[in-house]
Structures are given as structure tokens and as C-alpha cells.
Amino acid sequence: MNSFKEKLKGLFLYEPTQNYEFVLSENNAADADKDVSTNFLPDRDISSSLDKNYDYLKVQYNSLINSDIIFRPFVINIFGKNYNALLLGIDGMISSQLVNNFLLRPLMETNSNANKTQYTKNGIEFKKIKKTNVEDYIFDKLMPQNVVKKFTKFSEISKSVNSGDCALFVDSLSIAFVIDVKGFESRGIDTPKNEIVVRGSQEAFVEKLRTNTSILRRLINSSELIIENSSVGTVSKTSVAVCYMKNIANSSLVEEVKYRLNNIDVDYIVSSGNVEQLIQDNSEVAFPQLISTERPDKAVNHLLEGRVVIIVNGSPYCLIAPGVFIDFLSSPEDLNLKHQYANLLKIIRFIATFISLFLPGIYVAIMNYHTELVPTALLFTIAASRNSVPFPVIFEILLMEVSFELIREAGLRIPTPIGPTIGIIGALVLGEAAVSANIVSPVLIIIVALTGICSFAIPDFSLNFTFRIYKFLYIFLGYIAGLFGIAIGIFVQITLLCNLRSFGASYLAPYAPLTNLNTSISYFISPIWKRETRGDFLNTKRPKEQPHFSRKWLTWKDKK
Amino acid sequence: MNNIEKIGKAEVIALFIIIISNNIIINIPTIIIDFTGTGAWLNVIYLTIICLIFMLFVCKFFKPFVNFDILDVSEFLGGKILKFIIAIAYLIFFMSFSAACLRYFANNLQNIYFDTSPLIFIILLFIIPIVISCRAGLKAISGTNIILIPITILSIFTLFFAASRDFVWQRLFPIFGYGLKETFLKNTPNIFVFNVVSYIYFLKPFLKTETYYKKISIAAVIMCGIYLLLSVVTLLMSFAFITQTDETLSLYLLTRLINLGKFLQRVDALFIFVWILAILSFLSLNVFIISHIVKKIINVKASSELVLPISAILFTISLSFKDMSTLKFIVRNIYKYYNCILVFIVSFLILLLAYIKKKKKSIKANNN
């Protein structure tokens with residue numbers, strides 16, 4: 001009866017609808033102009049009073065709401081005197097085993113007799129207590145770790161603690177010890193996922209900065225390799241390592257890289273892609289201006305050429321500066337192969353690049369303006385196949401190109417096991433259906449498919465994107481003015497590329513301006529023993545890479 | 001473009017080649033053929049020798065003037081007034097030649113491919129990349145040029161060799177064309193085809209190392225001679241000289257003779273494509289030099305801002321030619337003599353007198 005009443009009420013009585021609604025209020029103009037630094041606790045020097053330091057840290061780390069911050073107060077006994085101490089660390093970032101066994105245990109053991117000497121003189125026993133500095137005593141005798149730093153500012157301490165170290169504060173000391181007890185989990189070194197080679201190293205960079213720098217150290221094995229650390233991001237304080245060969249890299253280049261990195265004022269960066277966008281010379285140009293690689297061997301090769309490698313913590317891709325156009329058309333495989341094989345691949349890649357960029361545009365241009373270029377027999381075939389298609393060539397090609405881009409994007413986003421299937425099905429079914437429905441001509445399917453295949457032959461991911469964008473531009477130019485339009489596009493593009501610089505190096509180096517091509521950096525490579533010099537455009541400290549006769553085992557007659 | 005951008009030896013040579021190639025593309029060799037008939041190739045050899053001797057003198061006179069172009073030399077000789085006069089003369093020279101080239105090529109392009117499109121659009125499409133290129137500076141122009149030059153050279157040589165099967169050797173006769181006098185003496189003003197000399201006058205301060213100046217200049221004249229000889233001989237042997245080949249681009253007519261088997265029977269569009277790139281590169285260089293001259297006259301630091309108004313003037317002048325016959329008349333009867341007088345007489349005299357003045361000054365300084 002009650003339920004019937006309720007239903008009746010629901011039918012006839014008005015009840016206001018109550019939707020759950022959450023709206024974030026927008027920033028007002030005054031907030032937008034506010035200095036970003038006002039949101040942070042002002043930096044302070046460490047006080048000699050442990051309580052004050054503790055209070056500051058509680059506020060800084062929001063200890064009431066933060067669940068993973070560890071504050072461990074304890075007492076250190078030195079020469080019979082007790083000192084209050086505080087250990088700060090982040091759960092999950094530090095190794096509990098290291099902290100318990102090798103930090104807390106030595107510190108908490110009584111150290112009363114450590115500094116006493118006993119001797120007897122004239123039958124009287126003397127005890128001499130050496131006056132010792134507490135700070136030095138802790139540093140020298142109570143910390144068995146290899147990396148211990150002393151800091152006086154809270155900002156320096158928080159940076160280290162956030163990256164997995166722990167900090168020790170001792171009452172009466174106005175410094176804090178930062179001890180390396182990192183113990184967080186990270187991915188192990190794996191094979192490269194996107195830059196696969198047949199005859200090369202099979203290890204790739206990982207997310208952990210120190211692991212990456214250690215790989216470089218291991219491969220280069222020279223004390224001239226410098227790895228300088230800095231941090232980027234006001235909030236994230238992401239560690240960034242600048243690596244270069246001190247005796248090879250141009251000092252101005254190294255300084256410029258460091259200058260740009262140190263003058264980035266952003267709240268956070270999360271990957272090397274962010275850094276790339278923040279330090280590149282020209283953001284308006286779609287062409288990549290820094291090489292991005294997951295391969296340590298490629299990074300090492302560039303380091304030894306005299307370039308600078310930038311490793312960002314948390315990113316398995318490092319950046320290499322400067323990057324010139326031919327770098328993006330080169331594969332890491334090239335240097336592992338004999339020059340004949342590598343050059344063959346480079347020719348194929350060059351053709352693929354040309355096709356992926358220009359073929360759709362040229363097709364539109366020829367079909368609209370220059371049909372005489374097509375052999376008569378072929379022209380008849382094309383005309384016959386287009387006979388039943390009601391759309392102009394431009395519509396056809398845009399339709400298919402956009403469809404292809406959709407398939408490509410969808411293939412990337414869907415789960416890996418079904419990704420390739422969708423790609424194949426999408427391409428085959430869509431293409432076949434479009435031809436059967438007389439929406440597009442079969443020739444056009446070949447053009448679009450060929451363009452797509454060729455675009456996959458471009459070794460660099462960013463350059464591939466660039467060409468995908470410019471391909472549409474050339475389609476448009478081919479449509480409005482045929483080969484004349486394409487010529488204009490090429491001319492403007494080459495001019496702009498000639499004007500583009502990457503960290504002071506001309507983007508089209510070593511071809512424009514023309515310099516020595518018989519170096520280790522040119523598109524077509526010479527035999528390895530002939531690559532005597534480093535790229536002119538890098539202006540390195542050691543221009544010579546190897547002597548004129550590098551194969552000293554050859555007889556004099558052979559050398560001639 | 002605030003500071004003078006320096007370019008290397010290879011870039012300068014590439015710039016000269018593009019100038020020479022464009023002379024051929026825009027039908028300059030047919031002017032020689034028109035005036036000298038079948039004696040054109042002898043005329044070219046004769047003019048090359050004269051120009052080489054002339055160039056040796058120019059290099060000698062230019063030698064004491066480090067980082068000077070012809071305008072600086074004029075200023076040294078006759079002060080700002082002479083500099084101004086010479087600058088205006090060269091301004092007219094480059095502007096009219098660039099406008100004529102642009103109009104001539106655009107007109108031919110319209111006739112060949114875009115007969116329904118208005119000429120103004122075609123010329124505008126040329127102007128846009130020129131502006132972009134010139135604003136980027138000489139390094140960008142020379143860089144673009146060095147990338148484009150291999151395909152330009154390849155296109156011209158391919159054309160000459162591909163057309164060789166249609167050569168008729170008998171067309172080279174009579175060897176002296178309209179007569180000895182016409183071939184050698186009367187048509188000496190044909191030396192205007194070596195207009196590359198005018199660029200040599202201006203490119204000196206842009207060279208990275210001046211020591212190459214003489215070698216580069218001589219090389220430019222020799223290359224120009226070879227190119228002209230090749231093109232004149234090719235045209236003579238391909239067409240009877242009485243034929244009016246200058247109705248359209250002569251080289252375009254040559255491309256129509258090419259067929260590579262059954263597959264490629266009409267490849268003229270590919271050649272036109274390459275020549276468009278060459279013309280753009282050439283006109284960009286011209287506009288750059290014009291803006292450099294204007295910059296020197298009005299004494300401004302940056303010439304990049306001048307590119308847009310200069311290009312607008314170029315656009316206007318190129319449209320102002322009434323028709324192609326007017327254009328041809330101007331080139332053959334005014335530009336030809338203007339070029340000879342300015343480049344080969346006036347500039348030479350200025351260089352000579354400035355050289356003497358400089359010598360006298362240095363002798364005086366040594367005596368003191």
C-alpha cells in the first residue's frame with residue numbers, strides 16, 4: 001500500500017531534480033598575473049634548533065596529510081652526550097634495509113668511548129678526551145655510505161629527499177646530512193622498442209637518469225666524458241643531465257645547452273619531449289631540431305662526434321643537440337653496416353622520403369594540369385578507372401589520406417594484440433569498399449598506400465609527423481597551381497630550412513652551406529677508414545677523428 | 001641582414017651558375033642568334049675571350065679595394081654623388097632586368113599551362129617565395145641555390161644531350177652567319193649576355209675569403225661562355241635560325257623534342273618545374289642585391305624590411321610591360337646597350353680611375 005502511495009506521489013507530485021554537479025571555478029585575471037613563486041614556502045637556511053627544523057619540514061611536506069613522508073626522531077649519543085636527531089625520507093623511495101642497517105644502527109649505538117685515550121704516567125691513570133666536532137664525527141665515523149652530502153638550505157635538501165635520498169638533522173647543527181639510500185623500483189634495461197636494428201646494441205635507455213648515465217659511462221670509458229646535472233621545473237625539479245666530451249665538444253655549444261636548460265621557467269616537465277620544445281631554436285617550424293633517441297649507442301656515437309646529450313629523469317629518450325636534417329633521415333643501423341649496404345638503404349630511404357612528401361601532391365598536379373607527363377596508355381587506364389568516380393581528384397585524395405591517417409591513429413590507440421589487425425582490415429576493407437562504391441579510383445588507392453608505406457621508412461618519428469603535415473600542403477599547392485605550386489612550396493621550404501639553425505648549426509649542414517662532405521656526418525657515408533674528420537658545422541675541439549692511415553696493419557703499398 | 005653575411009666559394013660559384021642558367025632559360029641565346037645568325041657560336045667564343053680579358057683587368061683594379069663593391073669604389077672616387085648616381089643606374093639595371101625576366105617567364109608559363117589564369121596571379125605566386133627568401137637573407141638564398149643547382153645543371157645538360165639526336169650539323173653553316181663584320185665587330189654589344197659581371201661587382205664584400213675573388217670571377221666568365229656556346233650550338237643545330245624560336249622559351253621547344261622511349265613522351269613539365277626553381281632562386285638573388293643597393297643609398301642598417309616594397313615595385317614593373325613584343329623590344333634595344341654602357345664601360349672606367357687614385361695615394365703616403 002505504501003509503495004503504491006509512493007508511486008502515485010512520484011507520478012503527480014513535483015520533486016526538484018537533484019543532479020550532482022561539480023564545477024571548477026575559472027581563474028580570474030588577478031590570479032593569472034600572480035607570481036608562481038608565491039605558492040611555495042619561502043626557502044630558508046637550516047636552523048641549529050632541531051625543533052624549528054622539524055616544524056618547517058612538517059609544513060613543507062604537509063606531514064598531516066601526506067602519507068608517505070617518514071619523520072624518524074631519535075637520539076645520537078656521542079661522548080656520553082645525547083643529541084636529538086631527525087631522519088627524513090619518503091616511503092617507497094628509500095631502501096628500508098639500507099636505512100635500518102647502515103644508517104640508524106651506527107647512529108643509535110652508543111659512541112661514548114670512541115674518542116677517549118687512556119695512558120698511565122707515574123702510576124697514575126689518565127683519560128684524555130679529544131675535543132671533536134660533532135658534525136665531523138658523524139660524517140667521518142657514523143656514516144658508512146659512499147655518498148653523503150652536507151646542505152645548509154631546505155630547498156637543496158627537499159630536492160634530494162624527493163629523489164630518494166634521506167636527510168639527517170641533528171640538534172645544534174645548522175647543516176643537514178643527505179645520504180644516498182635510494183631504493184625505489186624501476187624498469188630494468190630492456191631492448192629498444194622503436195629504434196630496432198639488426199646488427200647493433202640491443203639495450204635501450206630507461207627512465208632512471210643514473211642508469212642512463214651509467215650506460216654512457218660504460219660505453220665511452222673515458223674520463224673526458226662529462227655529465228653535469230641540473231634541474232628543470234619549479235615544482236617538479238626534474239633532474240636533467242648534460243653529457244658531453246670535454247676534449248671534443250665545442251665549449252660554446254655546451255654553454256649554450258646549459259644556458260637554455262638553466263633558463264627554463266616552468267612549473268614542471270615530465271619528459272624529454274617537454275624539454276625539447278622548450279629549448280629548440282624555432283618553435284614555429286614543424287621540423288625536429290633535436291635528435292631524440294632511446295638507443296645508448298646512437299647517443300654515444302653523437303657524443304663522440306662532438307654533440308651534447310641531454311638526459312631527462314623519467315624519460316627513456318635522450319635528446320641530442322644540435323640536430324641537422326640528415327640526422328633525421330639516418331638510422332642507427334647505418335653505422336653498423338658496410339658503407340655500400342648503408343648507402344643503398346639511404347638511397348631507398350631518400351626515395352621513400354620524396355614519395356611520402358610529394359607523391360600525393362604530384363598526382364593531383366599531374367591529373368589537373370600536366371596529364372601529358374603520363375604515358376598515353378597509362379593515361380587511358382587512369383581515365384577509365386576515374387570515369388565512374390563522381391568526385392574531383394582533390395576530394396578523392398583528401399578523403400583517402402584522411403582515412404589513412406585515421407586508421408594509423410586508431411591502430412596506435414587500440415590494444416596491441418588487435419592493433420595490426422585493425423590496420424590491415426581498415427586499409428583493405430575501406431580501400432576495397434571505396435573502390436567498389438566508386439568513391440575513389442584504384443590508382444588513387446595505390447598512391448595513398450605507397451605514400452603511407454614510404455612514410456614508415458622515415459626513421460625519425462618526429463620527421464614522419466612533419467612530412468605528414470607538409471604532404472597536405474603539397475596536395476593543396478598541386479591543386480592550385482600544379483607543378484608550379486609544388487615548385488614554389490619546395491623553394492620556400494628549402495629557404496626556410498636554410499635559415500633554420502639548431503644550436504648554432506645550420507639545419508641543412510653539411511650541404512648548405514657546403515662544407516667538407518668526407519666526414520663522419522654526411523648523408524651518404526664513405527668507408528669507415530675514410531671518415532677522418534668530424535662534421536665541420538660542429539666546430540669541435542678535435543676536428544680529426546682518425547689519422548689518414550687508420551688501418552696501420554696495411555703495408556705502405558696498400559695504403560697508396 | 002644587419003651585418004653583411006659572408007658566403008663561401010662554393011655558394012658564390014653556385015650563384016653564378018644560377019645566373020648563367022637563367023640567362024639561357026629566359027632565351028638570351030636567341031638574341032645572339034637573331035643578331036648574328038649561324039655565326040652566333042663564333043660570336044660567343046669571341047665575346048668570351050673579350051670578357052675574360054676584361055675580367056682580368058677588373059680583378060686587377062678591384063684588388064686594392066678590400067671588402068669594396070662597385071658602389072664603395074664609386075664613393076672612393078667621386079664621393080657620395082657618384083655613388084648615388086651609380087647606385088641608381090644599377091638599381092634601374094637590376095630592377096628592369098628582374099622585372100623583364102619575371103614577366104617573360106610568367107607569360108610563357110601562362111601560355112603553356114595556365115591559359116585561363118590571369119597573369120597577375122602567376123606573377124604574385126612568384127613574388128611570395130621571393131619575399132620569403134630575401135627576408136631570410138643571403139645565406140638562405142645561397143643555401144637554397146646550392147641545393148637546387150645540381151638539378152638545374154642536370155636539367156640543362158640532359159636537355160642538350162637528349163636533343164642531340166635531332167641535331168642537323170648543316171644548320172651551323174654558313175659559319176660566319178651574316179658576315180664577318182656582323183659576327184665580330186658590329187655585334188660586340190652582345191657582350192651584354194655576360195651580365196654575370198654585374199653581379200661580380202657586387203658580391204665581393206660577401207665573400208668569406210677575398211683571395212678567391214679572381215679565380216671565381218674568371219671561372220664565372222668561362223662557365224658563362226661554355227653554357228652560352230652549348231646553348232647556342234644546340235639551338236642552331238636543332239632549329240633553323242630563321243625560325244622564330246623566341247615566340248616561347250627556346251629551351252621549352254627543345255624539351256618537346258625529347259621522348260624517352262614509349263613511356264615518357266612529354267617531359268617538358270619536369271623541365272619547367274626545375275626552371276621555376278631556378279628562376280625563383282635567381283630573382284631572389286636579384287631582389288637581395290636591389291635591397292642591398294637601396295640600403296646603401298638610404299643608409300639604413302637592415303635591408304630585410306626593404307624587401308617587401310622592392311618586391312611590390314618589381315611586381316608592378318613586371319605587370320607594366322604592355323605585351324611580350326614591347327618586352328622583347330626593350331630587352332633587345334634598350335637593356336642591351338644600357339647593360340654594355342653601365343657594366344662594361346662606366347663601371348670599368350670607375351674602377352680604372354679609382355685604381356689610379358688609390359695608387360697615387362699609396363705612393364704619396366709612402367713618400368711622406
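**View 1. F503(A), a buried residue with a positive phi.** At 7% relative accessibility, F503(A) counts as buried (buried means under 20% relative accessible area, exposed over 50%, partly exposed in between, with a 1.4 Å probe and protein chains only). Its phi is positive, about 50°, although F503(A) is not a glycine. You'll find F503(A) in the loop between β13 (501–502) and β14 of chain A; helices (H or I, at least four residues) and strands (E, at least two) are DSSP runs, numbered from the N terminus. This is a predicted model, where local features need pLDDT of at least 70 and side-chain atom pairs count only at pLDDT 80 or more, while totals for chains, interfaces and linings use all residues. Residues are numbered from 1 along each chain as its sequence is written, chains are lettered from A and ligands numbered from 1 in the order in which they are written, and side-chain values use heavy atoms, with hydrogens and water left out.

**View 2. N438(A), a partly exposed residue with a positive phi.** Here phi is about 60°, and N438(A) isn't a glycine either. N438(A) sits in the loop between α15 (419–436) and α16 (442–456) of chain A, and its relative accessibility is 32%. For background, most residues other than glycine have a negative phi, and most peptide bonds are trans.

**View 3. Two cis peptide bonds in chain A.** One joins A321(A) and P322(A), with omega about -5°; P322(A) is in the loop between β12 (318–321) and α11 (325–328) of chain A. Another links A509(A) to P510(A), with omega about 0°. P510(A) belongs to the loop between β14 (505–506) and α18 (556–559) of chain A.

**View 4. An open, antiparallel sheet of 5 strands in chain A.** The strand order is β1-β2-β6-β7-β5 (two strands pair if DSSP finds at least two bridges between them). β1 (69–78) and β5 (148–151) of chain A are at the edges with a single partner strand each, so one side of each has no neighbour in the sheet. On average, neighbouring strands are turned by 25° against each other, direction ignored. Between β1(A) and the antiparallel β2 (residues 81–90) of chain A there are 10 bridges, and I78(A) has K81(A) in β2(A) as its bridge partner.

**View 5. I341(B) in helix α13 of chain B.** The helix covers residues 324–367, and I341(B) is partly exposed, with a relative accessible area of 46%.

Conventions: Axes are lines fitted to C-alpha atoms, for helices over the stretch in contact, and angles run from 0 to 180 degrees between N-to-C directions.
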